[in-house]
Amino acid sequence: MVLSEQEQFLSYNGEVLIFQLSQSKHVEGAADKTVDLCVRRMTFNRNTKLFVQKSSGVFSVRGSPLKMEIICCSCTTDSRTGIILPCILMKTKKRNNIVKYLLLLLHSSNQFEQSFQFKLDYELKEDVRLFAGPSVLWRHANKLFYISSSTCTVLSAPVQLSSVVWTGEIKDEGPVVLGIRTACLTESEAETEFSTSDQAIWGSELFGYAVKTQKMLPGTCFMPHAYGRVVSSVCVCKSDLLRKQLQTSLVAVTHKNQLIWFQGGLPRGICELPYEEPYSVNTAVTSSSDLLFVVSFASGNVCVVQRRGNLQVASKWQKVKSVLVDDFIGSGSEQLLLLFKDDSNTDVLSTFTITDLGAVSYASGNNHKHNVPAAEGLQENELLTVQALETRLQAGCTAVRKLKQHLALQKRVILQSCKALRDLVEGRNHVLPTAKEEGLVPLWDDVEDPPCSLGQEAPLACHVPEHLVENLWQRVVGDSLVVGVQLAATFHLSLRDASLSLVLDQDFSLTAPVIKCQNKVTKLNKAFSALPVSPCQMEPPAKKMKLDLCSSNDLKKDLPKGRSGAELDGGRSVTAVTSLSPLLAFHRVHCVVLLHAKPQSDSLQQSKNIDVFCGKISLSLEDISTGKHSVKMLKDNGYCTGSMEDILAVLATSTRFSFQVVSAACTLTPVSSWLLGEMECTPFKECKDNLFCHRAGNVHGTILNWTLKNPLEGILTLFCRNLTVLFQCLHSLRRILPTSCEVKLLRSGSREALAEQLALALEKEMLTSRSSFFSILTSGSSFFSKESKADSTSTWGSMPDRKVSDAAVASLLESKEGVEQFRKKLQSEQDEGALTMAQTMTAAQYQEMTWKIAKAQLSSDMIVWRLT
């Protein structure tokens, strides 16, 4: 490479530094032995809109000019002073396959300082980076090497990598290198034979390496494992340590010509790039606080991706020699400086553009070197542009004002709807406000009808039995409020999809009157439980009294909605759980409890919703302080004396887990001792197989059930508040079990039983679709004969027998007229058949058909979900 062509550009404090090697001429007779490293500091003049030289400096290096080369330059931190300085790495000479490298620092006085030098038996070619210290890092033979000013010795990192995608500083970790390496698989994964596509994804991974602490950082802190294969360059925008976990925000470009934004280790946005082979990405923060991503391509092209809601390409340029990011005009924010290739001009800063994709835009083609006054046409264009911008600004303000009005109207409608619902259920008349009161304008000038009373619609919910609700109760469990309604035993079988709503009885203008809550339906029998582990594992009731919930039919209905329950005296309880803290902000709260349900019916037209007023509840800080609604689980003669409401409240705020415990070497008698001893459990009086944990700490309040199928196998069911409690219980259990025992998390049913249920569900789904389509085809078709219509229930799509004898066909084909007659008859039958297959249906028929098919598909999908 010719010395004059060895130019490197670097931005530093708003200045452009141009480094260039030139052959020294001031030493007579030694011109071929000395090379000068020259630097020019260029600043942008906003008046002339040109770059002017501020100062310059020279550093002489002894060596052959043909072997000198500037490897790279960057701004790094000097560890001695903490000041960021320009840093230049040079290759000075090569002799006997030994290459000498020199690292220089440039001070503000344009004086170069030699930081350190080192020698290698190979040339630096792959992933050479400069970082704080100053330090030099590079990759050779898939190994990572580095040297710093403090050690002056080449060190090798204990990692194997195929490429380096980023180097920089991360809080509490120091200098960090992100690279791509072969994935470290476990023994079981290593023995697995991956397919070609799987090997491409899982064969490589991204990882981080902290240089100072020699610590490995998992790649999942930065992005998912599958992205490590395609990433070519990364720029970490933000990093923080939250709860001892590294949280990062970064952007990456891939070999697939994509730019992906990652936050917290997960992808948050993606953008297709306009050119191929992106090799680097950088960031810039503009005057409007916009974050720009500057992507450079191997072809010399550059594009900028803007992040406003989603990622999108904002601008792109071609034939770019170099792109720098700094505050070149002194505005306090960053701009982009693009230096373009111009063979007609030797000055490297002759063709450039400074822009922030906003108010700042300077280009070398628009220079006014002689202060020529602007043309009148240009002034007119600027005036029109300003007027257009003002009009757009006014239109935007008007749109925002209308949006605020719409949101206020929407809030009033929601409040009125909630009041109307409450008045309807309580039997009060609710008068709708007039259009004038709501600030609305009627579409016609007709006289408005007198206000109608919503109380006239009350008979829609009057078909509900009088004694549907037997009991209304409330409990406080931790930071949750549990409200429960016990339904009458004579009515619970005819209901489905029951749920509760809590509506504030006060008129709050600043909050929504309907409280967000989570509903659960709980069937109560003498041995309460959640869903059974498997229907085939249930023994006859005469042999036991344990936590059996319901039949397999109830299991199918309740599982997809996440409901749990048990049955006692034929009753059913519906509970609603909501957060307690927001309610206590009002000091005293009164809520109306509404029950919503549907009667059991397969017909869509007959399944009407019913709404029942269950009563009112009140809550205050005094009640919480005195423990009025607290759950009371006390010990009395070896039993837990909690009421059924207390048990239901604990179940409503807990999650059920079932585990199969199998021991091949010894019996499982230690489990009972563990429950009664270490866990301090006592059985409930109503169901002695279920135990309440009185042990102090997080596990207090956990409900457990131990069912021993045989001396070597049992089922342990836990109702826990959270996963932390579950892990504590399992950790305590593993300590008392032999090492040969296996503890396995169970599904809500055995695979054999679920497979059989799936087969039946798929058969029902097929028959439902078949009968639905056949009923539509036969409803309006005149193509079927009377005999075929009468037999339509046994044969789907059976066509009437229209066989024609061979003799009749032969007679028709003997003459031309017969052939034409046969052709017309065949065409008529084809048209009649097409007309039959194009039958229309009414909206009610289509609605009923889709309802039946969707119901059948939901059943099969639920079983598939349980199998997986």
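Trainee: Is Leu 580 buried or exposed in this structure?
Mentor: This is a predicted model, and in it Leu 580 sits in the loop between β34 (572–579) and α5 (581–584). Its relative accessible area is 3%, and a residue under 20% is classed as buried. By that cut-off, Leu 580 is buried.

Trainee: How far apart in space are Leu 580 and Val 482, C-alpha to C-alpha?
Mentor: Along the sequence, Leu 580 and Val 482 are separated by 98 residues. In space, taken from C-alpha to C-alpha, the distance between Leu 580 and Val 482 is 9.1 Å.

Trainee: Where is Lys 598 found, and what is its distance in space from Ser 499?
Mentor: Lys 598 belongs to strand β35, which covers residues 588–599, and with a relative accessible area of 25% it is partly exposed. Lys 598 and Ser 499 are 99 residues apart in sequence. Between their C-alpha atoms, the distance in space is 9.7 Å.

Trainee: How many salt bridges does the count come to?
Mentor: The rule looks for a side-chain nitrogen of Lys or Arg within 4 Å of a carboxyl oxygen of Asp or Glu. When that rule is applied to this model, the number of salt bridges comes to 17.

Trainee: Which residue forms a salt bridge with Glu 15, and which parts does the pair tie together?
Mentor: The closest N and O atoms of this salt bridge, which joins Glu 15 to Arg 41, are 3.0 Å apart. Glu 15 lies in strand β2 (residues 15–23) and Arg 41 in strand β3 (residues 34–45), so the bridge ties together parts that are 26 residues apart in sequence. Both residues of the pair are buried. The partner of Glu 15 is therefore Arg 41, and the parts tied together are strand β2 and strand β3.

Trainee: Which residues gather in a patch of positive charge on the surface?
Mentor: One of them is Lys 93, which lies in strand β6 (residues 84–95) and counts as partly exposed at 30% relative accessibility. The residues in the patch are Lys 33, Arg 62, Lys 67, Lys 93, Arg 95 and Lys 119.

Trainee: How many disulfides does a search of the whole structure find?
Mentor: A disulfide is a covalent bond between the sulfur atoms of two cysteines. Among the cysteines, Cys 397 counts as partly exposed at 43% relative accessibility, while Cys 614 counts as buried at 12%. For the whole structure, the number of disulfides found is zero.

Trainee: What is the phi of Gln 214, and what is the phi of Lys 319?
Mentor: Most residues other than glycine have a negative phi. Gln 214, in the loop between β15 (204–210) and β16 (215–218), is exposed with a relative accessible area of 52%, and Lys 319, in the loop between β24 (310–317) and β25 (320–326), counts as exposed at 61%. Phi is positive in each, at about 55 degrees for Gln 214 and near 55 degrees for Lys 319.

Trainee: Which residues does a cis peptide bond join?
Mentor: Most peptide bonds are trans. Here a cis bond has an omega of about -5 degrees, and its proline, Pro 134, is placed in the loop between β9 (126–131) and β10 (135–140). The residues joined by this bond are Gly 133 and Pro 134.

Notes: Residues numbered from 1 in each chain as written. Predicted model: local features only at pLDDT ≥ 70, side-chain atom pairs only at ≥ 80, totals over all residues. Heavy atoms only, no water. Helix = DSSP H or I, 4+ residues; strand = E, 2+ residues; numbered from the N terminus. Buried < 20%, exposed > 50% of the residue type's maximum accessible area, 1.4 Å probe, protein only. Patch = residues over 30% accessible without salt bridge, like charges linked within 9 Å, V, L, I, M, F, W, Y side chains within 5 Å. Areas by Shrake-Rupley, 256 points an atom, 1.4 Å probe, with all protein chains shown as cover. Lys, Arg positive; Asp, Glu negative; His and termini not counted. Charge placed at Lys NZ, Arg CZ, Asp CG, Glu CD. Disulfide = S-S within 2.5 Å.
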